[in-house]
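These are my notebook entries from looking through one structure. I wrote down what I looked up and what I found each time.

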Amino acid sequence: MTAPTTERDSVLPTPREHLTSEVTRAATRIQNTVLRATRDILRDAGFTEVLAPVIGPVTDPGIRGSKQVDVDFYGNRYRLMTSAILYKQASLLAFDKMFCIASNVRQEPMETASTSRHLAEFHQIDVEIAGASRDEAMGVAESILREAVSRVVSESADDLAALGRDLAAFGWLAEGEFARMTHAEAVRRLHDAGHGQSADAEIDWRGEALISELTGSPFFITDYPKGSRGFYDRESTSTPGVLRNFDLIAAEGFGELASGGEREHDYRAIITRMRETGENPAKYGWYLQLAREGIPASAGFGIGVERLVRFIAGLESAWQASAYPKLPGVVSP
Ligand code: AMP
Ligand code: MG
């Protein structure tokens with residue numbers, strides 16, 4: 001097992017060192033296999049791939065202190081996409097099952113340069129399904145991970161061997177469905193492990209690595225508290241304050257791979273949740289116009305491509321899974 005470190009990646013290699021390194025080549029080939037497997041499994045399940053926008057008048061407000069990047073669009077202030085969520089919901093007007101492989105830019109807080117998981121520019125496999133429940137979305141996320149790992153093991157075995165990835169790490173492929181625990185249960189386990197995780201917040205960086213170290217198989221955490229997530233994760237009607245959402249957590253300390261959930265789609269509910277999360281609805285004109293006229297109920301998720309490749313390849317850091325890595329605060333091409 002290759003244990004990830006949480007030490008700061010002090011300096012990125014030069015572009016020449018990085019591009020000519022066997023690690024970069026092997027990781028890139030593994031990424032190719034992962035994306036092929038993802039597209040195959042989604043296409044076979046009836047999904048349509050939509051190319052996601054890079055800029056727009058508004059983007060996912062996000063959480064956990066990352067900042068948006070502005071661009072000038074003919075005198076209007078546009079944003080680089082932090083996630084494709086608004087476009088995913090909108091795309092369901094065209095296709096009931098859609099996905100995109102989207103570029104995201106987030107100016108993450110400087111302290112995340114040392115988590116081994118954060119890049120300032122990364123990609124997501126973003127999936128949205130009209131009329132789906134959280135369970136159905138979790139099933140699709142699980143099948144993408146299983147298919148990606150199986151295909152890498154069979155098609156990229158030489159690259160895994162070159163990276164020293166022990167195939168025993170994937171013993172869970174032969175086992176049943178991924179385990180599930182609620183956020184409240186995750187908080188209890190972290191307290192038992194001596195970590196002071198807040199019960200009302202997103203699992204913090206250290207807690208995320210810690211809970212992921214406690215197991216040899218990927219697993220789900222469900223039911224995050226309302227304050228921890230954006231306006232688009234649907235609030236439970238039976239348990240107000242709890243969201244119908246989930247994270248997929250990798251094994252071995254690699255941490256979060258995906259976040260998803262059922263979506264708010266009702267216009268009034270979206271407005272209420274925007275206000276509760278401190279967002280000004282007036283910024284979201286085009287999206288709210290669609291919501292007022294009606295958008296489908298849905299569930300979906302986003303899997304970080306570099307995080308997924310890092311986990312499968314057993315890389316120390318997510319930046320090793322990018323040909324042109326951008327680490328928070330580090331100036332690079
Ligand atoms: P989020 O919307 O923050 O939950 O992001 C969705 C997924 O994208 C996460 O589960 C990660 O796999 C990935 N991701 C989010 N932020 C980053 C980042 N700064 N660097 C790399 N991957 C990220
Ligand atoms: Mg997340």
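What covers the buried residues of α7? I kept in mind from the start that this is a predicted model. I found that the cover includes the helices α6 and α10 (305-313), together with the strands β7 (179-182), β8 (219-222), β9 (245-249) and β10 (256-262). I then looked up which residues of α7 are buried, and I noted G207, E208, A209, L210, I211 and S212.

**Entry on H195.** I next looked for H195, and I found it in the loop that runs between α6 (183-192) and α7 (205-213). Is H195 buried or exposed? Its relative accessibility is 15%, and because buried means under 20%, H195 counts as buried. Leaving aside neighbours within four places in sequence, I listed L190, D204, R206, G207 and L210 as the residues in contact with H195.

**Entry on the magnesium ion.** Which protein donors does the magnesium ion (ligand 2) have? I found E256, through OE, and S259, through OG, lying 2.2 Å from the ion. I also checked the accessibility of these residues: E256 is buried, with a relative accessible area of 14%, whereas S259 is partly exposed, with a relative accessible area of 25%.

**Entry on a sheet.** I then followed an open sheet of three strands, which are arranged in the order β2-β4-β3 with antiparallel pairing. Its edge strands, each pairing on one side only, are β2 (55-56) and β3 (70-73). As a reminder to myself, strands of a sheet pair through backbone hydrogen bonds, either parallel or antiparallel. Between β3 and β4 (residues 76-80) I noted four bridges, in the antiparallel sense, and when I looked up the bridge partner of F73 in β4, I found N76.

**Entry on V105.** Last, I looked up V105, which lies in strand β5 (residues 97-105). With a relative accessibility of 19%, V105 counts as buried. How far apart are V105 and M81 in sequence and in space? They are separated by 24 residues in sequence, and by 6.1 Å in space, C-alpha to C-alpha. M81 is also among the contacts of V105 when neighbours within four places in sequence are left aside, and the others I wrote down are V69, L80, T82, A120 and E121.

Notes:
Residues numbered from 1 in each chain as written. Chains lettered and ligands numbered in written order. Predicted model: local features only at pLDDT ≥ 70, side-chain atom pairs only at ≥ 80, totals over all residues. Heavy atoms only, no water. Pairing = 2+ DSSP bridges. Helix = DSSP H or I, 4+ residues; strand = E, 2+ residues; numbered from the N terminus. Buried < 20%, exposed > 50% of the residue type's maximum accessible area, 1.4 Å probe, protein only. Contact = heavy atoms within 4.5 Å. Donors = N, O, S within 2.8 Å, 3.2 Å for Na, K, Ca; no water.
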